[in-house]
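Let's take a walk through this fold together, starting with the sheet and ending at the ligand. Keep the structure open beside you as you read.

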Amino acid sequence: MTSRIALVTGASAGLGVEFAKLLAKDGHNLVLVARSQDRLQRLADELQQQHGVRAQVFARDLSQPGAAPALVEALDQAGLTIDILINNAGFGFSGKYHENPAEQEFALLQVNVVALAQLTRLLLPGMVARGWGRVLNVASTAAFQPGPHMAGYFASKAYVLSLSEALAYELKDTGVSVTVLCPGPTQTEFTERAGIRESLLFKLSAQSAEKVAAIGYQAMLKGETVVISGLHNWALAQTIRFAPRGVARALASWLVK
Ligand SMILES: NC(=O)c1ccc[n+]([C@@H]2O[C@H](COP(=O)([O-])OP(=O)(O)OC[C@H]3O[C@@H](n4cnc5c(N)ncnc54)[C@H](OP(=O)(O)O)[C@@H]3O)[C@@H](O)[C@H]2O)c1
């Protein structure tokens, strides 16, 4: 496979680390983005040593307005042309929307929605002009229904799913594909950060980050549009589509509480 430059957001933990490993194994050079500079640098060193690729660290807080456009500017200045974009950074937290800290809800929107939308919008034109590109956006099975007690998070993932599907259609025949990965519960730092480790959702089943990332990565390489990791997650997402909206809302609330 031709060596490309791949940008992975949220590459300091969980799924992001696994995506970076898969890309490096395939010989792609890397741009690793997250806030934790030390963790990114350790991963970059490890991947450079193991796979002989170039891995560069751009420590950025994507919750800051303007962080994503500034990152693209820095990439331009460094002469880095991104052909593979993995919009993976994201977080969630539980609680009632009107009681949660407002700044936390706004930061979630900024990371899960705005930064993803900006990186996609700013990097796609180059890919289209060059006639090749791969975008992998990480949504969630949360994208398929509203989620009381994690309202902002579920809504952010619905945006990611909708945008990605529409872009995949718009970009047909351009050589650029957009894939959206919808994981169900996955063993990463997400649950701890979200404060939902004890939720029924995560007690019932959680897939390994390695497995989920591999499913998303393969789908991205093939240019598939929507991929739900795990048969049980796929079945739940299909069931929800035909359930009355009130039932879907109640089910989601029960699972995350
Ligand atoms: N784990 C699950 O059960 C699950 C299920 C469905 C979907 N997802 C989605 O999968 C994606 C990856 O999450 P994960 O499960 O791998 O969680 P994770 O282990 O907590 O990793 C999240 C990554 O996002 C980065 N990040 C968070 N806030 C950021 C910010 N303000 N600026 C830059 N980077 C930031 C974190 O890095 P720093 O802290 O170093 O900034 C970290 O690298 C997310 O979009 C999540 O919504 C997860």
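Before we look at any one pair of residues, a word on terms: two strands pair if DSSP finds at least two bridges between them. Keep in mind, too, that this is a predicted model.

With that in hand, look at strands β5 (residues 133-138) and β6 (residues 176-182), which pair in the parallel sense over six bridges.

Now zoom out to the whole sheet. In general, the strands of a sheet pair through backbone hydrogen bonds, either parallel or antiparallel. Here the pairing is parallel, and seven strands make up an open sheet, in the order β3-β2-β1-β4-β5-β6-β9. β3 (55-59) and β9 (226-228) sit at the edges with a single partner strand each, so one side of each has no neighbour in the sheet. On average, neighbouring strands of this sheet are turned by 15 degrees against each other, ignoring direction.

Next, the helices that cross these strands. Helix α3 (residues 67-77) lies across β1 (5-9), β2 (29-34) and β3, and runs at about 145 degrees to β3. Helix α8 (residues 209-222) lies across β4 (84-87), β5, β6 and β9, running at about 145 degrees to β5.

So what about the ligand? Which of the 31 residues around the ligand come nearest? They are Ser12, Arg35, Ser36, Tyr153 and Thr188. Arg35 has a side-chain N or O atom 2.7 Å from an oxygen atom of the ligand. On its own the ligand has 880 Å² of accessible area, and the protein covers 98% of that. The elements giving two or more residues to the shell are α1 (14-25), α5 (151-170) and α6 (190-194). By type, the shell residues divide into 14 nonpolar, 11 polar and six charged.

How values were computed
Residues numbered from 1 in each chain as written. Predicted model: local features only at pLDDT ≥ 70, side-chain atom pairs only at ≥ 80, totals over all residues. Heavy atoms only, no water. Near = heavy atom within 4 Å. Polar contact = N/O pair within 3.5 Å; in protein donor to acceptor, adjacent residues only side chain to side chain. Areas by Shrake-Rupley, 256 points an atom, 1.4 Å probe, with all protein chains shown as cover. Helix = DSSP H or I, 4+ residues; strand = E, 2+ residues; numbered from the N terminus. Nonpolar A, V, L, I, M, F, W, Y, C, P; charged D, E, K, R; others polar. Axes fitted to C-alpha atoms, helices over the stretch in contact; angles between N-to-C directions. Contact = heavy atoms within 4.5 Å.
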